Amino acid sequence: MNFEDLLTEQRNRHSTHIDQVDTADMVEIINREDQRVGRSVQKQLPQIADAINLATTRFDAGGRLIYIGAGTSGRLGVLDATELRPTYGLEESQTFGIIAGGPDAMFHTLEGVEDSTEAAENDLKKVTLNKKDIVIGIAASGATPYTVAALHYAKQVGALAIAVACVTDSPLEHNADVAICPIVGPEVITGATLMKAGTSQKMVLNMVSSGIMIRSGKVYQNLMINVVPTNAKTKRRAKRIIAAATQTSTLAAERALDRADNNVPLAILLIETKGTIAEAKALLKQAGGRVSDAVKLSLKS
């Protein structure tokens with residue numbers, strides 16, 4: 001691929017005079033271009049759904065959700081993984097991001113690291129990548145050597161390889177099991193892919209990771225129920241979640257939470273089914289940890 005010919009590197013005809021307009025017109029130009037992002041992501045919903053379904057099967061079987069990329073794309077992956085852990089009560093080993101150049105690259109621009117194909121493979125070998133895992137390779141251009149090599153190695157190992165790029169028919173796409181490619185068009189500032197491309201990648205990552213968490217039973221109704229009550233603040237949050245999910249009082253929620261030994265899904269099921277701890281645990285196990293399914297099973301019994 002000729003890098004200069006990539007859509008992400010082309011000039012945007014709508015912003016060629018952005019340096020000469022007043023600030024109100026400037027932000028209107030940027031905002032108008034940003035509105036293209038949602039539409040571009042919408043066109044990728046079938047691919048996003050495929051990625052969620054395939055990834056959930058692996059995640060439920062003990063696979064890890066691993067993000068990898070360079071520069072802005074790598075930072076977005078690290079951010080998504082880092083935020084998932086406290087939101088859904090995940091262990092650090094269950095999801096993490098790898099960025100070309102290592103942790104220093106989160107805060108500094110390191111020259112040349114995105115071109116190293118050997119480093120990508122080594123970085124995945126360091127975490128003992130295996131066929132249960134899910135690897136999300138992120139690169140706006142779809143051509144970053146580090147990220148392409150990472151997905152290539154992921155497929156060799158048998159891991160699920162998901163590409164997130166902003167061009168079609170790219171090397172990254174060709175090395176993926178599922179490719180998600182929102183086409184946002186040229187950036188307002190030529191080549192500044194931290195703008196529309198970065199926004200689209202963040203939207204896609206949010207949707208994919210949230211979808212996996214929903215399908216894996218980390219959400220009941222639209223509430224994040226895998227919060228771990230480790231202090232007064234999180235215990236209050238847990239009680240509010242239980243009360244909202246079961247339409248009961250915070251006092252009843254507190255009692256259920258105490259009975260369930262601070263296990264929020266179990267506390268919800270105790271209230272919803274009015275059963276015993278043993279019965280609720282058995283239902284949750286049968287339902288694969290999904291509270292909604294456990295409630296349905298209780299109604300059949």
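Buried here means under 20% relative accessible area, with exposed over 50% and partly exposed in between (1.4 Å probe, protein chains only). The model is predicted, so that local features need pLDDT of at least 70 and side-chain atom pairs count only at pLDDT 80 or more, while totals for chains, interfaces and linings use all residues. Residues are numbered from 1 along each chain as its sequence is written, and side-chain values use heavy atoms, with hydrogens and water left out.

**View 1. Helix α7 and its buried residues.** Helices (H or I, at least four residues) and strands (E, at least two) are DSSP runs, numbered from the N terminus. The buried residues of helix α7 are K196, A197, G198, S200, Q201, V204, L205, V208, S209, G211, I212 and M213. Helix α7 comprises the 20 residues 196-215, for which 1.5 Å a residue predicts a span of 28 Å, in agreement with the 28 Å between its end C-alpha atoms; the expected span is 1.5 Å times one less than the number of residues. After α7 comes G217, with a positive phi near 85°.

**View 2. The open parallel sheet.** Five strands, in the order β2-β1-β3-β4-β5, make up an open sheet with parallel pairing, where two strands pair if DSSP finds at least two bridges between them. Because β2 (95-99) and β5 (178-180) are the edge strands, each with a single partner strand, one side of each is left without a neighbour in the sheet. From one strand to the next the twist averages 20°, with axes taken as lines fitted to C-alpha atoms and angles running from 0 to 180 degrees between N-to-C directions.

**View 3. Strand β4 and its pairing with β3.** Strand β3 (residues 134-138) pairs with strand β4 (residues 160-164) in the parallel sense over five bridges; I134 stands opposite L160, and V135 has A161 as its bridge partner. Five of the five residues of β4 are buried, so this strand is largely enclosed by the rest of the structure. Both of its faces are covered, with L160, I162 and V164 buried on one side and A161 and A163 buried on the other.

**View 4. Surroundings of T234.** T234 belongs to helix α8 (residues 232-246) and is buried, with a relative accessible area of 13%. Its side chain reaches the backbone nitrogen of T230 at 2.9 Å. Not counting residues up to four places away in sequence, T234 touches V228 and P229, contact meaning heavy atoms within 4.5 Å.

Technical notes:
Polar contact = N/O pair within 3.5 Å; in protein donor to acceptor, adjacent residues only side chain to side chain.
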